[in-house]
Amino acid sequence: MLSLKLPQLLRVHQVPRVFWEDGIMSGYRRPTSSALDCVLSSFQMTNETVNIWTHFLPTWFPELENPGLSKVLRTAAFAYPFLFDNLPLFYRLGLCWGRGHDCGQEELSTSHGYHLFCALLTGFLFASHLPERLAPGRFDYIGHSHQLFHICAVLGTHFQLEAVLADMGSRRVWLATQEPALGLVGTVATLGLAVAGNLLIIAVFTAALLQAPSTCPLLQGGLPDGATQAKQQ
């Protein structure tokens, strides 16, 4: 493994414009990297290394086909869970507004507040591209918004789980009087459905990538006309 040569990294003008990130000037990987190059790049410092090790997202094919749609899908992938998770919290906030600490089981814990803060900060970092917009080139490898965005998302998930545990503790007696707890069979069935759904998503994107038209310059090792002109400049 140590005898293998690490992939060459590129500057922003050497990759197609579709892969450009605001304020990130270097540390780009080749869009046409082989599977081995992709694995090796996980162990070298690129502008995506921290992102790779904090979160894996299959966004390469959408970027090739429709960058605008890919941006919308990635935004929706975080906006939908945020709304799904937090609308009940906003409802509870509305119930407790003006009632002080007399909210009973609807009272929000500190973990709920931290979760909301991390979620809002995640969205801000995703949309603002700070701090690299203020100092292009200084945060190419460490400290750019995509990395901070991943870290905030992980912290938000941690505080969300802490909040769930707090809610379960405060409602344990009430929960015991409701429907019986999900048994082993139900748990395994739910897990199986989740795994099957994820495998289906992977299969669909893999099949689409394999069926991509052979005329796509990115898949044939070339660059689009716009990127070629930028490189010449």
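**Close-ups of helices α5 and α6**

**View 1. α5 and α6 cross in a left-handed way.** Here, left-handed means that the near helix is turned anticlockwise from the far one by less than a right angle. This is a predicted model, with local features needing pLDDT of at least 70 and side-chain atom pairs counting only at pLDDT 80 or more. Residues are numbered from 1 along each chain as its sequence is written. α5 covers residues 110-128 and α6 residues 145-170, packed at about 160° with axes 8 Å apart. That makes the two roughly antiparallel (angles over 145 degrees, taken between N-to-C directions of lines fitted to C-alpha atoms over the stretch in contact). Helices are DSSP runs of H or I, at least four residues, numbered from the N terminus.

**View 2. Who touches whom between α5 and α6.** Contact means heavy atoms within 4.5 Å. On the α5 side you'll find, among them, Tyr114, Cys118, Leu121 and Phe126; α6 brings residues including Leu148, Phe149, Cys152 and Phe159.

**View 3. A look along α5.** Its buried residues (under 20% relative accessible area, 1.4 Å probe, protein chains only) include His112, His115, Leu116, Ala119 and Leu125.

How values were computed
Heavy atoms only, no water. Axes fitted to C-alpha atoms, helices over the stretch in contact; angles between N-to-C directions. Parallel < 35°, antiparallel > 145°, perpendicular 65-115°, else oblique. Buried < 20%, exposed > 50% of the residue type's maximum accessible area, 1.4 Å probe, protein only.
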